[in-house]
2 protein chains.
Amino acid sequence: MRTIEAVDFFYLSMPEVTTEGDGSQDALLARVAAGGLVGWGECEASPLVSIAAFVCPMSHGACRPVGASVLGQRLEGPEDIARIAAQIELDSMDLLQAPHIWSGVEIALWDLLGKAREQPIWRLLGYRQSFRKLPYASQLFGDTPGQTYARAVEARRHNFRAVKFGWGPIGRSDLQTDIEQFESAREGLGKDCLLMIDVGQIFGDNVAAAAERLPKLTQIGAVWLEEPFHTSALNAYASLAKKSSVKLAAGEGAHNFHVAQHVIDFGHVGYIQVDGGRIGGIGPAKRVADYAAAKGVTFVNHTFTSHLALSASLQPYAGLRSDEICEYPFAPKPLARHIAGNHLERDAEGYVSAPDAPGLGITIDTEVAQRYLVDVEIKVKGKLLFASSNQMI
Amino acid sequence: MRTIEAVDFFYLSMPEVTTEGDGSQDALLARVAAGGLVGWGECEASPLVSIAAFVCPMSHGACRPVGASVLGQRLEGPEDIARIAAQIELDSMDLLQAPHIWSGVEIALWDLLGKAREQPIWRLLGYRQSFRKLPYASQLFGDTPGQTYARAVEARRHNFRAVKFGWGPIGRSDLQTDIEQFESAREGLGKDCLLMIDVGQIFGDNVAAAAERLPKLTQIGAVWLEEPFHTSALNAYASLAKKSSVKLAAGEGAHNFHVAQHVIDFGHVGYIQVDGGRIGGIGPAKRVADYAAAKGVTFVNHTFTSHLALSASLQPYAGLRSDEICEYPFAPKPLARHIAGNHLERDAEGYVSAPDAPGLGITIDTEVAQRYLVDVEIKVKGKLLFASSNQMI
């Protein structure tokens, strides 16, 4: 019987972390060992807090550390991953951060299972084929419309047929400035390029402020308007969806299947965006993909870090031919680039696919990655609960 | 101008933490200092992970530590608390644990403001009067129906006119055992005592399993059935609500206003239960109380620890006369009892009220509390981010 013998975490960080919002400043890798095999996964968001959720002392019966439900568990098949997930849901019910650390571990378990069975994860999920996806270059608005124009031209020069602009100054000054930003993005891209707009929850739950931007978004032919509101502000999403001919996109903040389901059912989005590194991993992401398909909503990955995370995020909808768009970090920081030993490069026609290789099909370049390794030490009651390991190799 | 000069955290723990689920094994106190005054608050759930969320390094622009939005901020009135909360919502968007640490700090800010204005918090919230509440003794089912019966008799002996039984073996063996448990609770309490049943999310999202228990719950006249499902499983709540003449209660897991709103609107509960130590503090809890009142849903506090937390949880609905029921820890562990220097004891008729005293109206017995203080040390990149202080006094 194969059991989970060890789970190690590697907190990697750029030498300098900025507020830019380009999403690639740090990373938390999870490595799982079982039965002589190793699997890798990546968590999204605060490495320190996520590690703490794995090793913290038990607060009470419904607030146990995630590690208590993982270490020593049987790992023969996908049903074991689901069983562990259910255990965490009960035993770490009051530990809000739990899904954020479990996500990376869950992905690593799938990677390990895929290696054990010599199958890509998408096959373990029941897909027969991994359909190619059209990657969109995901990048930030410039500080000025001129900068945004230049970035759009640059993305086209790299042959991207789809580009997303996000965050930056949108919603932070006035309507006219935003309109100029939207126009510059379209002008720089030209007519035929798909254009998505992401405003990073800037309107909170202010429907009127978001609605003012709709006519221009319609005019420039935006594929979607992403995250006008707080992840939980479903009533605001529903109100805006009613007024909008541009489809809404959201869901990256979903930390379990149900939250994504509510974004679909009550927020009335046209695109559901799932980050496998937050929602609890590949299992719940696949469940969202199935649910979205049944509801006529398009599934899109949310990925802003390494190609390990990118492969993990493609698996849940690899077999859905019609859900073709995929997020693709355009200009990753060196860390995000260096984590993976191989990359999901675009083919001659500009498409990418989840690899037809065991597990995630991504190797970790431990030698390079460990240059970014951050020292962490967590002690409680005089006991060392976590110390960073430099044993990546 | 008054600014927030310091925020200190005190992780207190029972010498031994058990899986019992009686909710009182550890506690995290937050102390805020501003302009020569001090306020106290209490967070609910994992102290270590919550502390990490306050001090963690920035991961990226939308994943900053909660402390960055709090320290040095202006604190003149409630509008400042709301402003800081909005800042955290944006800057710690990707930090799932953020509301759990912010809750305790937010409560401490209200306590401090109340002291500055020499007003109870419920007055700062706009209420003119603090209506008395009928406390229910919150306790666990026994391992056997016989034990449950004995606990029910004991609660009546302490003159409780309302009692809640929760967790324990319910849903873990068979239907008949659960039925016997429910019957024993009612028999031990006698006919006239209010009886609530809490099953601690044991049915996941399995509506049929929960529905099987309804006839008996109706027969014993249960006031509500609490948390049959996962906090996020709103469709399951809605399905069960349709079948049930017993009202449903849920919401303690809500980590922001919107989540509680969805439990009301999409889960169709009759009672919305809010833990101020998780939902982001007193501000969002009051917003839920207002929303619930408008929707004809009854607000109830969720409190399972100290009387500091109890006072904080009463403030948001102190002025709502018709929402009369309140959760009241029946047999707190010594730690939970010792944190507070004064207690909200029941009056001659068995009622409790939010105190008519500045702030929360609760003093902290620092001398006794600090006997439970836990050593914590968090280091990242060689820098000490947190060290427990023994400077409570």
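What is the area buried between chain A and chain B, and what percentage of that area do carbon and sulfur atoms give? In this predicted model, the buried area is about 5200 Å², and carbon and sulfur atoms give 60% of that figure.

The relation between the two chains comes next. On the contact itself, 67 residues of chain A touch 67 residues of chain B, counting heavy atoms within 4.5 Å. Of the interface residues of chain A, 100% are also interface residues in chain B, so the copies meet through the same surface.

Polar links also cross this surface. Between chain A and chain B there are 19 residue pairs in polar contact, with both residues at pLDDT 80 or more. The side of chain A that touches chain B draws at least two residues from each of several elements. Among them are the strands β1 (4-13) and β12 (376-380) and the helices α3 (78-91), α4 (98-117) and α12 (282-295) of chain A. Sorted by class, this side of chain A has 31 nonpolar, 23 polar and 13 charged residues.

Four salt bridges are found across the interface of chain A and chain B. In a salt bridge with an N to O distance of 3.5 Å, the side chain of A:R287 meets that of B:D205. Over all chains, the search of the whole structure gives 40 salt bridges. A salt bridge within chain A joins the side chains of A:R278 and A:E44, at 3.3 Å from N to O. These two residues are 234 residues apart and link distant parts of the chain. A:R278 sits in the loop between β9 (271-274) and α12 of chain A, while A:E44 sits in the loop between β3 (37-43) and α1 of chain A.

Strand β12(A) has partners in both chains. Which strand of chain B do five bridges join to β12(A)? The partner is strand β12 of chain B, residues 376-380, and the two strands run antiparallel. Here A:E377 has B:K379 as its bridge partner in β12(B). Within chain A, four bridges join β12(A) to strand β13, residues 383-387, again in an antiparallel arrangement. There A:K379 has A:L384 as its bridge partner in β13(A). β12(A) and β13(A) form a hairpin with two residues between them. In the turn of this hairpin, A:K381 has a positive phi of about 50°.

Notes: Residues numbered from 1 in each chain as written. Chains lettered and ligands numbered in written order. Predicted model: local features only at pLDDT ≥ 70, side-chain atom pairs only at ≥ 80, totals over all residues. Heavy atoms only, no water. Buried area = accessible area lost by both parts, 1.4 Å probe. Polar contact = N/O pair within 3.5 Å; in protein donor to acceptor, adjacent residues only side chain to side chain. Nonpolar A, V, L, I, M, F, W, Y, C, P; charged D, E, K, R; others polar. Pairing = 2+ DSSP bridges.
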